[in-house]
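The following note is intended for a colleague who is meeting this structure for the first time. Please read the points alongside the model.

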Amino acid sequence: MAVREILIHPHPMLRTKAEEVMDFGAELQTLIDDMFETMRAASGVGLAAPQVNVPLRVLVVEYAQDDAARPERYALVNPKLVYVSPETEIGTEGCLSIPGIFGEVIRPRSIIVRGQDRYGNPVTIRAHGWLARIFQHEIDHLNGVLFIDKAVRTWREEVIPVAEGVG
Ligand code: ZN
């Protein structure tokens with residue numbers, strides 16, 4: 001496994017629509033392992049493949065609801081949002097590709113996402129609150145969308161706000 005370089009906005013790869021994964025072989029397995037390692041090294045809660053310069057529809061998420069909880073860990077390939085709740089909520093987001101900038105983003109509170117696991121098996125994930133927010137942020141990355149496009153306001157902050165994640 002290896003920590004890969006995280007691309008920084010405004011790198012053009014961050015604005016590229018990523019392609020469907022067709023090959024679940026060794027190269028994908030290495031990519032996913034490296035993405036987990038890269039995300040952890042950067043203290044992120046999520047990471048999308050374009051952020052490490054790979055234009056494929058792959059994301060990883062690792063998020064603990066609180067310090068005592070075991071983290072929920074996902075590697076999701078070819079994810080599709082199949083349901084978003086009409087209820088929305090506002091939350092503070094940051095992004096490993098946009099260091100030092102935070103913003104308030106309004107997003108659906110609950111989602112259902114379908115995709116494949118790292119071996120190509122179909123998976124369905126229901127998520128609420130922060131976990132739903134992380135998935136939406138990472139799926140946006142696969143479509144070349146950044147949180148600053150959706151934020152109702154942004155600001156500069158050198159210290160990551162407590163209890164708020166970046167991906
Ligand atoms: Zn991000």
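**Note on the sheet, the helix and the zinc site**

1. Helix α2, residues 129–142, lies across β4 and β5 and runs at about 70° to β4. Helices (H or I, at least four residues) and strands (E, at least two) are DSSP runs, numbered from the N terminus. Contact means heavy atoms within 4.5 Å. Axes are lines fitted to C-alpha atoms, for helices over the stretch in contact, and angles run from 0 to 180 degrees between N-to-C directions.

2. The model is predicted: local features need pLDDT of at least 70, side-chain atom pairs count only at pLDDT 80 or more, and totals for chains, interfaces and linings use all residues. Residues are numbered from 1 along each chain as its sequence is written, and side-chain values use heavy atoms, with hydrogens and water left out.

3. Three strands form an open sheet in the order β4-β5-β8, with antiparallel pairing (at least two DSSP bridges between two strands). Its edge strands, β4 (88–93) and β8 (153–156), each pair on one side only. From one strand to the next, the twist averages 20°.

4. Four bridges join β5 (residues 101–108) to β8 in the antiparallel sense. Gly-103 has Thr-154 in β8 as its bridge partner.

5. The zinc ion has as protein donors (N, O and S atoms within 2.8 Å of the metal) Cys-95 (SG), His-137 (NE2) and His-141 (NE2), at 2.0 to 2.3 Å. Cys-95 lies in the loop between β4 and β5 and His-141 in helix α2, so this pair ties together parts 46 residues apart in sequence. Both Cys-95 and His-141 are buried (under 20% relative accessible area, 1.4 Å probe, protein chains only).

Definitions and conventions. Donors are N, O and S atoms within 2.8 Å of the metal (3.2 Å for Na, K and Ca); water is not among the atoms, so sites may look incomplete. Buried means under 20% relative accessible area, exposed over 50%, partly exposed in between (1.4 Å probe, protein chains only).
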